[in-house]
Amino acid sequence: MDHGTGDRKSHWESREGGRVRGVYTLYEPDGALRRVEYTADAVHGFVIVKFLKER
């Protein structure tokens, strides 16, 4: 938990050659969940593959 903001965060990434895949998850103080799945590479840059926000 981030004691400054009151939220919880997690993140992971994996790399295959020049491509990165990752997930960022944020649980906000009000209980809302935000999850972003993404890819990144030199050709396409940062691309959100899936975005989820639940309350």
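Me: Which residue is the bridge partner of E37 in strand 4?
Reply: In strand 4, E37 has K50 as its bridge partner. Strands here are DSSP runs of E with at least two residues, numbered from the N terminus. This is a predicted model, so local features need pLDDT of at least 70 and side-chain atom pairs count only at pLDDT 80 or more, while totals for chains, interfaces and linings use all residues. Residues are numbered from 1 along each chain as its sequence is written, and side-chain values use heavy atoms, with hydrogens and water left out.

Me: Thanks. How many bridges pair strand 3 with strand 4, and in which sense?
Reply: Nine bridges, in the antiparallel sense. Two strands count as paired if DSSP finds at least two bridges between them. Strand 3 and strand 4 also make a hairpin, with three residues between them.

Me: And what is the order of the strands in the sheet?
Reply: The order is 1-2-3-4, in an open sheet of four strands with antiparallel pairing. Strand 1 (8-16) and strand 4 are at the edges with a single partner strand each, so one side of each has no neighbour in the sheet. On average, neighbouring strands are turned by 10° against each other, direction ignored. For that angle, axes are lines fitted to C-alpha atoms, and angles run from 0 to 180 degrees between N-to-C directions.

Me: What about strand 1 and strand 2, how many bridges there?
Reply: Nine bridges, and the pair is antiparallel. One example is R8, whose bridge partner in strand 2 is Y27.

Me: How many bridges join strand 2 to strand 3?
Reply: Eight, again with the strands running antiparallel. Y24 stands opposite V36 of strand 3. The hairpin of these two strands has five residues between them, and there G31 takes a positive phi near 95°.

Me: Let's switch to T25. Is T25 buried or exposed?
Reply: T25 is buried, at a relative accessible area of 7%. Buried means under 20% relative accessible area, exposed means over 50%, and partly exposed is in between, using a 1.4 Å probe and protein chains only. T25 belongs to strand 2 (residues 19-27).

Me: Which residues does T25 touch?
Reply: Leaving out residues up to four places away in sequence, T25 touches R8, K9, S10, L33, R34 and R35. Contact means heavy atoms within 4.5 Å.

Me: Now the charges. How many salt bridges does a search of the whole structure find?
Reply: Three. The criterion is a side-chain nitrogen of Lys or Arg within 4 Å of a carboxyl oxygen of Asp or Glu. Side chains of opposite charge can pair when their charged atoms come close.

Me: Which residue does E28 pair with?
Reply: E28 pairs with R34, with the closest N and O atoms 2.5 Å apart. E28 is buried at 19% relative accessibility, whereas R34 is partly exposed at 29%.

Me: And where do D30 and R55 lie?
Reply: D30 is in the loop between strand 2 and strand 3 (33-41), and R55 is in the segment after strand 4 (45-54), so their pair ties together parts 25 residues apart in sequence. Their closest N and O atoms are 2.7 Å apart. D30 is partly exposed at 42%, while R55 is exposed at 79%.

Me: Back to E37, then: which side chain does E37 meet in a salt bridge?
Reply: E37 meets R35, at 3.3 Å from N to O. E37 is partly exposed, with a relative accessible area of 23%, and R35 is also partly exposed, at 32%.
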